[in-house]
Amino acid sequence: MIIRAKARKKVPPMSSALQDSFNHVRAQILGCTKLYQRESNDVALIAVSKTVSAKRVESLAKLGQIHFGENYAQEGVSKKNELAELTNQLGLIWHFIGPIQSNKTKIIAENFDWVHSVDRLKIAQRLGEQRGAHKSPLQVCIQVNLDDESSKSGVIPSKAIELALQIRNLPGINLRGLMAIPHPVDGLQAQIKSLKRAQELFAQVREELRKHDFDTLSMGMSADLEAAIACGATMVRIGTAIFGPRTTQTSTAKMLEQ
Ligand SMILES: *Cc1c(COP(=O)(O)O)cnc(C)c1O
């Protein structure tokens, strides 16, 4: 017993930096919900784990994090498979948040719980068809290209209602809300100005749909977390502020997708 205790003591506290940044982000979210008079459980934290090893995802899950977001289908699925037992034990929820190629819809539909980046009817149809009847519907958000940037995925705001009406009754999926990645701007006020447009669009689409569980506004990353909460985000997607800067593995992950 004594030997064991000693041995255990020597193990360095590997996840303490992770714990610190995780605590910091959670405190920041809590502070912002107070500041902007939101309910404290109104804003779910998605830890964006693209390029992050399964080991670190596991450490964060053991600290209490439930939602994880992945951008690359193959990378996300391998990680999820590696952590299958933990996923069952802790009820981890996996979100796909990256651009969707149509040849990836099957593995996305079969492996993720949520997809935030649906931006056309065809993708929504394929995801629903490929989900598998024995599974609960895939929870989906429509990604909106707020700034109409040609480099970005997402439906343009003026087409969001039309797309929402087209996919609201598709089998295999459940339309839950909107997702936005605004063009980065500096300063809280400028960010709020930008994200307000997502909030307004969300209200408009909800009004049109009259669907009680259309309740999700997915926006807010490490750099605009406060603005997102100010503008009604219900899911924030945070990578860097939790896991630290990403390394060049991103390009490896992209290559794996080819
Ligand atoms: C990478 C990514 C994030 C997280 O961004 P950070 O700046 O690292 O917090 C959120 N959403 C999407 C869609 C991403 O690709």
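Buried means under 20% relative accessible area, and exposed means over 50%. The views below are taken from a predicted model.

View 1. Helix α3 spans residues 54–62, and its buried residues are A54, V57, L60 and A61. Just after α3 comes G64, which takes a positive phi of about 115 degrees.

**View 2. Two cysteines, C32 and C231, are buried.** C32 has a relative accessibility of 6%, so C32 counts as buried under the 20% cut-off. C231 has a relative accessibility of 0% and therefore also counts as buried. A search of the whole structure for disulfides finds zero.

**View 3. The largest nonpolar core has 67 residues.** L127 and V236 are the residues with the most contacts inside this core. Helix α9 (residues 188–209) gives the core its largest share, seven residues. In soluble globular proteins, nonpolar side chains tend to be buried together.

**View 4. L127 is in contact with residues from other parts of the sequence.** Neighbours within four places in sequence are left aside here. The contacts of L127 are then I100, T105, I108, A109, V115, V118, L138 and I173.

Definitions and conventions
Residues are numbered from 1 along each chain as its sequence is written. This is a predicted model: local features need pLDDT of at least 70, side-chain atom pairs count only at pLDDT 80 or more; totals for chains, interfaces and linings use all residues. Side-chain values use heavy atoms; hydrogens and water are left out. Buried means under 20% relative accessible area, exposed over 50%, partly exposed in between (1.4 Å probe, protein chains only). Helices (H or I, at least four residues) and strands (E, at least two) are DSSP runs, numbered from the N terminus. A disulfide is a pair of cysteine sulfur atoms within 2.5 Å. A nonpolar core is a set of buried Ala, Val, Leu, Ile, Met, Phe, Trp, Tyr and Cys residues joined through side-chain atoms within 4.5 Å. Contact means heavy atoms within 4.5 Å.
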